[in-house]
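Student: I would like to go through this structure with you. May we start with the pockets?

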Amino acid sequence: MAFGWRCTGVAWPGDEPQLGWSRGSERRVSTLAYGVGLGFRAVGERHCVGARGNVCPLGAVVSGRSAGGRCPECARLDRAHSVAADTLLDDPRTYRVYLAWFGPGLVKVGITREERDAARLREQGAVVFSWLGRGPLMAARRTEEVLRAALGVPDRIAYARKRTVRGQLPGERERFGEVVELYGRVAELEGRGWPESLERLPLDVVDHGGIFGLDRAPRATRAVRELVDGGVVVGELVAAAGPDLHLAVDGGGSGSGSGSGGVVVLDTRLITGWELAAVDPVAANDVRVPLIDIGGGGVQGGLF
């Protein structure tokens, strides 16, 4: 089954987001910049993106609302080989434990491979973070469990909740405060559940508000619910956080909140598996796909 270029999602290898693309064995990326127009039209049906770099053997059609973009079999395969599945007990690599802050009252604990540095934090849309410790995988996992049990810190937060608070972020000092306070409580756990094999790292709070563009962008009020065949998304990129692109649009789109412009969030996990045709981003910005209210190798120009 032959397809055109399909998006593989957003990556944050540095301070600029990149969209990945695949066509058979070919791979390339688009580095995104704020103030630049993006435009595409969804074509045909959405197909499974496969797992662990492998093409889905069934070429299965998947739901437009699925954030994973995988059929059940590929989803199981992808999960079975992930760190989160706790199947890599003999992994020799060093891991880091972190605190990630997404908005007032939204702090989570997580782990990432040390060689990835802060890429995982940017991919999740963490506005503020600090490292807690480094060591073997199972010690890092044990630390997550200790923080959940002793301090009530969750290990995951839904993207919908992150979007709800993202448009009302306090200033940098207030953003730092919650992480600093929680770091102090974590430090008190040494000798009381903190794994001996995990080296505790000093407090070093990092703020991503600037590289995400959140401090200067208008508040987003709507989000794309799903793409549909022939659905068009055209807008100016004004901010990005994790997989979310914040697009300033002129048209109203369809679904809840239609009839006016503003800023619309496009979760790029919803566009994986679609074949996307180029739409001139210089044309009038518009979104003609279903929307919902929030809280309720290089590529030349645009996406292509």
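Student: How do the residues lining the second largest pocket divide into nonpolar, polar and charged?

Tutor: In this predicted model, the lining of that pocket has 8 nonpolar, 3 polar and 5 charged residues.

Student: How much space lies in the second largest pocket?

Tutor: The second largest pocket holds about 160 Å³ of space. Of its 16 lining residues, those closest to the centre are Arg166, Gly167, Leu214, Ala217 and Arg219.

Student: Let us change topic. Where is Ser130 found, and is Ser130 buried or exposed?

Tutor: Ser130 belongs to strand E7, which covers residues 128-135. Its relative accessible area is 0%, and buried means under 20%, so Ser130 is buried.

Student: Which residues does Ser130 touch, not counting those up to four places away in sequence?

Tutor: Ser130 touches Tyr98, Leu99, Val179, Tyr183, Leu203, Asp204 and Val205. Although Ser130 and Val205 are 75 residues apart in sequence, their C-alpha atoms are 4.7 Å apart in space.

Student: Which residues of the largest nonpolar core touch the most other members?

Tutor: That core has 64 residues, and the ones touching the most other members are Leu99, Leu132, Leu147, Val224, Leu227, Val233 and Leu276.

Student: What pLDDT does the protein average?

Tutor: The average is 87, and 88% of the residues score at least 70. Over residues 252-259, however, the pLDDT is below 50, and the pLDDT over residues 297-304 is also below 50. Where pLDDT is low, predicted coordinates should not be read in detail.

Definitions and conventions
Residues numbered from 1 in each chain as written. Predicted model: local features only at pLDDT ≥ 70, side-chain atom pairs only at ≥ 80, totals over all residues. Heavy atoms only, no water. 1 Å grid on protein atoms, 1.4 Å probe; cavity = no way out; pocket = protein on both sides within 12 Å on 5 of 7 lines; lining within 4 Å. Points joined across faces, edges and corners; volume = space filled by probe spheres on them. Nonpolar A, V, L, I, M, F, W, Y, C, P; charged D, E, K, R; others polar. Core = buried A, V, L, I, M, F, W, Y, C linked by side-chain atoms within 4.5 Å. Buried < 20%, exposed > 50% of the residue type's maximum accessible area, 1.4 Å probe, protein only. pLDDT = per-residue confidence, 0-100. Contact = heavy atoms within 4.5 Å. Helix = DSSP H or I, 4+ residues; strand = E, 2+ residues; numbered from the N terminus.
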